Amino acid sequence: GLLKGYNTDYYGLKRLLIKSKIDVKNKNCFILGSGGTKKTAYKLLKDLGAKAIHIVSRNKTTNTITYDELNKRNDVEIIINTTPVGMYPNIEGSLLDLSLFPSLEGIVDVVYNPYQTRLVTQAKLLGIKAIGGLEMLIEQGIKASELFLSTQYDSTIFNKVYSSLYYSRRNIVLIGLPMSGKTTIGKELSEILNKKFIDLDEEIEKETNMSINEIFSKYGESYFRKLEKDITLKYSKEPNLIISTGGGIIKDKENMFNLMSNGLVIYLTRDYDKLIYS
């Protein structure tokens with residue numbers, strides 16, 4: 001005579017914490033956002049024994065703190081982002097500068113597109129445990145399907161779905177010095193992995209109808225770097241690509257953040273005496 005309700009996001013979010021080995025017990029936890037997923041995160045953190053749970057919102061209320069207040073705290077240990085900030089197509093977005101939190105141990109971001117948000121990328125670069133929302137998406141979908149169909153899937157189903165999504169959408173980004181083999185290797189990988197090949201310098205030339213040398217000669221390096229930044233952001237948002245970059249791409253931190261959002265970045269090295277310049 002009773003109806004039982006389930007929140008499948010609860011199971012998905014729990015998987016993120018387990019997979020990333022982020023322990024919230026007796027920790028000061030902060031949830032970014034005040035929407036529906038905030039309630040899920042709050043319930044899970046409470047069940048897992050969090051020491052304190054704070055809700056962070058743009059607007060101050062009785063039950064929330066603001067981002068300005070959060071930035072002044074030195075007891076931030078766990079952060080869960082439940083907002084859409086950083087989601088495609090606005091992948092440059094991030095609510096926080098994580099370098100402000102010396103006690104930070106873990107970041108969980110429920111955003112799953114891109115694969116790795118700016119928040120997750122910065123956390124990893126700082127050596128902080130971090131995970132994006134793709135596994136949450138899959139886990140809650142599996143749980144919902146089991147409930148709707150009154151069935152129980154084999155434990156291997158998750159890895160099958162995850163691998164399918166991960167490898168079909170993840171970009172491979174090749175960086176390195178000019179003439180280090182980025183284009184040659186990129187084209188070979190494109191054929192092997194059935195991913196579209198993109199040479200960022202070629203795309204700039206197509207868009208401007210000028211060669212790279214002409215752009216530098218007529219407008220200077222700063223103008224070229226602006227074009228490079230725009231084209232990098234454009235293709236960083238797309239899935240399933242092999243991306244060959246210009247040698248100077250790493251000079252701009254924003255370029256690298258954007259490329260890492262959906263891409264596995266590979267640095268190609270070659271002996272200097274074997275580099276050929278035309």
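Ala, Val, Leu, Ile, Met, Phe, Trp, Tyr, Cys and Pro count as nonpolar, Asp, Glu, Lys and Arg as charged, and the others, Gly among them, as polar. The model is predicted: local features need pLDDT of at least 70, side-chain atom pairs count only at pLDDT 80 or more, and totals for chains, interfaces and linings use all residues. Residues are numbered from 1 along each chain as its sequence is written, and side-chain values use heavy atoms, with hydrogens and water left out.

**View 1. The lining of the largest cavity**. A cavity is a set of points on a 1 Å grid over the protein atoms alone where a 1.4 Å probe fits but cannot get out. Lining residues have an atom within 4 Å of a point. Here they are N81, V85, G93, S94, L95, D109, T117 and L119. Three are nonpolar, four polar and one charged.

**View 2. E77 in its loop**. E77 sits between α3 (67-71) and β4 (78-81); helices (H or I, at least four residues) and strands (E, at least two) are DSSP runs, numbered from the N terminus. At 17% relative accessibility, E77 is buried (under 20% relative accessible area, 1.4 Å probe, protein chains only). The side chain of E77 reaches the backbone nitrogen of N28 at 2.7 Å. The C-alpha atoms of E77 and I107 are separated by 8.9 Å. These two residues lie 30 residues apart along the chain.

**View 3. Strand β7, residues 171-176**. Six of its six residues are buried, so β7 is largely enclosed by the rest of the structure. N171, V173 and I175 cover one side. I172, L174 and G176 are on the other.

Conventions: 1 Å grid on protein atoms, 1.4 Å probe; cavity = no way out; pocket = protein on both sides within 12 Å on 5 of 7 lines; lining within 4 Å. Buried < 20%, exposed > 50% of the residue type's maximum accessible area, 1.4 Å probe, protein only. Polar contact = N/O pair within 3.5 Å; in protein donor to acceptor, adjacent residues only side chain to side chain.
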